[in-house]
Amino acid sequence: MSQNTFRQNLARVTAEIGQRPLDAALDQWLNAEHGAGSASYLALRADCLRGVAEGWLCEREGGGIRYGRIFKPAEDLHGFSVDVVDMQDIAGPHHSHPLGEIDLILPIEGEALFDGRPAGWLVCPPGSAHRPTVSQGRALVLYLLPEGRIDFTRNTPTKADA
C-alpha cells in the first residue's frame with residue numbers, strides 16, 4: 001500500500017463530509033455511515049496500521065506520543081489536513097480547534113478509549129479545546145483539521161514558577 005492509496009481512501013470520506021458543519025449531527029452521521037466495523041472504517045484502520053509498520057505514519061516522537069502530519073490541507077482532501085498519532089494511556093498537549101476537528105479512533109491494544117470514546121468518530125466543533133487522552137490501552141487517532149488549523153495552548157508561568 002502506498003501513501004497515495006491512503007490519500008484516496010481518505011478523500012472518499014472527506015468528499016462525503018464536504019462542507020457539513022462540524023457538530024453533533026456530523027458525529028452521529030460519521031458513526032452511522034463510517035463507524036467501527038464498516039468497510040470504510042476497516043480500510044482506514046488497515047491503512048493506518050500498515051503506514052505505522054512501514055514507518056511513514058507516526059514517524060516523530062515527543063512526550064511519549066508518536067505522531068506526524070501525513071497530508072497538508074489540500075483540495076482533494078476537501079481542505080482538511082491529516083495527522084495520525086499513536087498514544088497509549090497518556091494525555092497529549094492541550095489545544096483548541098479554531099475550525100473544529102474530526103477524530104477517527106482506532107484502538108489497537110486493550111479497550112482503548114479516546115477522550116472517553118470507543119472506536120469510531122468524534123467530532124469537536126469550532127472553538128472547542130481539549131487535552132487529548134487515550135485510556136485503557138493503545139490507539140491510533142487520525143485527525144482531520146479544516147485548513148490544518150490547531151492552536152496549542154502555551155504554558156504560562158504561574159507565581160510559583162517565577
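**Exercise 1.** In which sense do strand E5 (residues 101-114) and E6 pair, and over how many bridges?

*Solution.* The model examined here is predicted.
Step 1. The pairing of E5 with E6 is antiparallel and runs over five bridges.
Step 2. Two residue pairs illustrate this pairing: Glu101 has Cys124 in E6 as its bridge partner, and Ile102 stands opposite Val123 in E6.
Step 3. The two strands form a hairpin, with five residues between them. In the turn, Asp115 has a positive phi of about 50°.

**Exercise 2.** Determine the strand order of the open sheet and state which strands stand at its edges.

*Solution.* Step 1. The open sheet contains six strands in the order E1-E2-E3-E8-E5-E6, and the pairing is antiparallel.
Step 2. Strand E1 (60-62) and E6 each have a single partner strand and stand at the edges, so one side of each is left without a neighbour in the sheet.
Step 3. On average, neighbouring strands of this sheet are turned by 25° against each other, direction ignored.
Step 4. Two helices pack on the sheet. Helix H1 (residues 3-17) touches E2, E3, E5, E6 and E8, and its direction makes about 80° with that of E2. Helix H2 (residues 24-34) touches E5 and E6, and the direction of H2 makes about 165° with that of E6.

**Exercise 3.** Decide whether the residues of strand E6 (residues 120-124) are buried or exposed.

*Solution.* Step 1. The cut-off for a buried residue is under 20% relative accessible area.
Step 2. Five of the five residues of E6 are buried.
Step 3. Strand E6 is therefore largely enclosed by the rest of the structure, although E6 stands at an edge of the sheet.

**Exercise 4.** Describe the largest pocket by its volume and its lining.

*Solution.* Step 1. The volume of the largest pocket is about 320 Å³.
Step 2. Its lining consists of 17 residues, and those nearest the centre are Tyr67, Val85, Tyr143, Ile150 and Phe152.
Step 3. Strand E2 (65-71), strand E3 (80-91) and strand E8 (133-146) are the elements that give two or more residues to this lining. The largest share, four residues, comes from E2.
Step 4. By class, the lining of the largest pocket has 10 nonpolar, four polar and three charged residues.

**Exercise 5.** State the volume of the second largest pocket and the classes of its lining residues.

*Solution.* Step 1. The second largest pocket has a volume of about 180 Å³.
Step 2. Among its lining residues are Gly18, Arg20, His78, Phe80, Leu99 and Glu147.
Step 3. This lining divides into five nonpolar, four polar and two charged residues.

Methods
Residues are numbered from 1 along each chain as its sequence is written. This is a predicted model: local features need pLDDT of at least 70, side-chain atom pairs count only at pLDDT 80 or more; totals for chains, interfaces and linings use all residues. Side-chain values use heavy atoms; hydrogens and water are left out. On a 1 Å grid over the protein atoms alone, a cavity is a set of points where a 1.4 Å probe fits but cannot get out, and a pocket is an open set with protein on both sides within 12 Å along at least five of seven lines; lining residues have an atom within 4 Å of a point. Grid points are joined across faces, edges and corners, and a volume is the space filled by probe spheres set on the points. Ala, Val, Leu, Ile, Met, Phe, Trp, Tyr, Cys and Pro count as nonpolar, Asp, Glu, Lys and Arg as charged, and the others, Gly among them, as polar. Buried means under 20% relative accessible area, exposed over 50%, partly exposed in between (1.4 Å probe, protein chains only). Two strands pair if DSSP finds at least two bridges between them. Axes are lines fitted to C-alpha atoms, for helices over the stretch in contact, and angles run from 0 to 180 degrees between N-to-C directions. Contact means heavy atoms within 4.5 Å.
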